[in-house]
Amino acid sequence: MSTTRRVPLDQFADVFSATTELSSVALGGRIVAVSDEFFAEAFHLLLVEPAPSMKGQFGPNGALYSGWESRRHNPAYDCRLLGVSFELGAPGAIVGFDVDTSNFNGNEAPEVSVQALYTAGEDPKHSDSRWVEILPRGPLGPNSRHLFSIPTTGTVNYVKLNMYPDGGIARFRVYGQVTPVWPTDLKSFDLAHVFAGGRVDFVSDQHFGVGSNLILPGRGKDMGDGWETKRSRAKGHKDWVIIKLGAPGNLEQVEIDTAHFKGNFPESCELHALFSDHDLNWKTQKDEELDWTLILPRTKLGPHRQHYFQLENVEGKAFTHVRVTIYPDGGIKRVRLIGRRTDVPTASIETAAEPMNVETTASPTAPTTPQIAPAQGTIIIPVLPLTPEAFSPFGQVIQAYGDHAAAPKGTKITPANAGTASKFHKLSLLASSYPAGAGATAGISVYRCQPLAAIAADGTVELTTLERHPFTNQAFIPMGHGNGEALTDAADKYLVVVAKNGDDGRPDLKTTRAFIATTAQGVVYNTAVWHQPMTVLGKCLDLACVETQIGDGSSSDCEILELEAGIRLQLQ
């Protein structure tokens, strides 16, 4: 059995790079109780950012520190109780610690020990008899990080840091593996999420922001809690990160979020995936020896927003790892890899996550029910939020942006109306290629669309019809509800379904993509792009249509194709 050992700082990546910082406030880590925090409050211990120097700054109680500092001359010892509180209630197995005394010099804590336990009840007390020591009492030094590796614990969700006899600690980081929690009904979910057991196995560069941030909850608060690489100078440069999924799964879609990355988002990205039944050493593993599958071709990205893409080449395949490659460099906030588990669960978290046994490593899972598969031969197409980048192969998205930095690169924006408005110039141009003498003219029409009614109990709807306009592009702009109500509900939505033209002049159904648009967005279908007739959800909706047409009802204006049964859109 391995023993507790101190880890040199230059070996941090080798020991802890594939672990998760279980104590971080980014995961919901919180202080439950503290014995004394006279000079500096204990909440600093869990902050994501390194402790800054506050030398020369004083408050009412004395010098200021970013950390936890108790009074002097404690007759016994101080201790703080850290509740590693996970969203979804996911506990974890601990493998080590970083006890950081940065900026504490002469007032650092001389010694510490660590205890842990698992409980599903109320927050434990300092005197709780279930506390188990997992890091024996040992010395610290001033103004430095102290790394400790311990034998892997069982499942725990509370940790107590004991300080002897008093002093200060800047940061306390608990590293380990999250005990995964999965949906009980095997619906699609984020297989890469930290609470699902996902982890970042390797990054090519993490100069400004670490790769493990990509799978954290939420969208973060600034550029500091994403993944950001240094600027490249070499032509053809790329950076990448490899994410190990929490469970093997069939992948369906991906969300790439560039929140807060406005002038430093990647120009584009691509995704590959593979299946491996064992852990891989990414430092020595040769890429050509691995069976990578391209699941998202290189695709443009935009600033400060969520991008949603349907994945390719994933039908009937299970994957365990995904490589996200960015060109040429930059920053991403989060990556969400949506899919369904393919492994078989064996136990519930309630029965497997017993109070910690430090001799074993628990790997509990959530109970599941059998998945109901679609009828054989049925194609299920996910309906994703409409974004300019995902829609760009088929047309343009017409919308304004409250934050001008979030508009697609190259968008011209100027003040208008004496400064009371912003003008987003020429987001799309009218185009037509009718034969000379056809008599086609440009105009504005209005479509009054009744809401979709044929939604099945499983949240799907059949795709029955596609149409295209061989000689013109076509714009649709939401106006208002058909009953005269104004568009006041941001949840008002309509469907946009598109497909590329195949070599036989019919739709290439493998390229079918489905989007859900809000009434703050308009769409422009490129000339000859196949699309579903306008389909709205919830309420009757009026849409203005800008197009060039002959108007005689001939196929020159519109070709309509009825599809065979077997294609369904997944709305929920």
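Author: What follows is a walk through the ring pairs, then the charges over rings, the cores and the confidence.

This is a predicted model: local features need pLDDT of at least 70, side-chain atom pairs count only at pLDDT 80 or more, and totals for chains, interfaces and linings use all residues. Residues are numbered from 1 along each chain as its sequence is written, and side-chain values use heavy atoms, with hydrogens and water left out.

A pair of aromatic rings is described by the distance of the centres and the angle of the planes. Here, rings of Phe, Tyr and Trp (its six-membered ring) pair if their centres lie within 6.5 Å; planes under 30 degrees apart are stacked, over 60 edge-to-face, and the rest tilted. The whole structure holds 14 aromatic pairs. Take Phe12 and Phe16. Their centres are 5.4 Å apart and their planes stand at 50 degrees, so this pair is tilted. Both belong to helix α1 (residues 12-16), four residues apart, about one helical turn. Helices are DSSP runs of H or I with at least four residues, strands are runs of E with at least two, and both are numbered from the N terminus. Phe16 is buried, at 2% relative accessible area. Phe12 is partly exposed, at 22%. Buried means under 20%, exposed over 50%, and partly exposed in between (1.4 Å probe, protein chains only).

Phe38 and Phe39 pair edge-to-face, with 4.9 Å between centres and 90 degrees between planes. Phe38 is partly exposed at 33%. Phe39 is partly exposed at 27%.

Ring pairs also build a cluster: Phe391, Phe394, Tyr447, Phe476, Phe515 and Tyr525. Beyond four places in sequence, Phe391 has contacts (heavy atoms within 4.5 Å) that include Phe515, Tyr525, Val496 and Leu386.

Charges sit over rings too: NZ of Lys or CZ of Arg within 6 Å of the ring centre and within 35 degrees of the ring normal. Arg298 lies over Tyr327, 3.9 Å from the ring centre. Arg323 lies over Trp292 at 4.5 Å.

Now the cores. A nonpolar core is a set of buried Ala, Val, Leu, Ile, Met, Phe, Trp, Tyr and Cys residues joined through side-chain atoms within 4.5 Å. The largest has 82 residues, and Phe391 is among those with the most contacts inside it, with Phe97, Leu251 and Leu271. Strand β19 (residues 239-257) gives this core its largest share, seven residues.

Last, confidence. Mean pLDDT (the predictor's confidence in each residue, from 0 to 100) is 87, and 89% of residues reach 70 or more. Residues 81-89 fall below 50.
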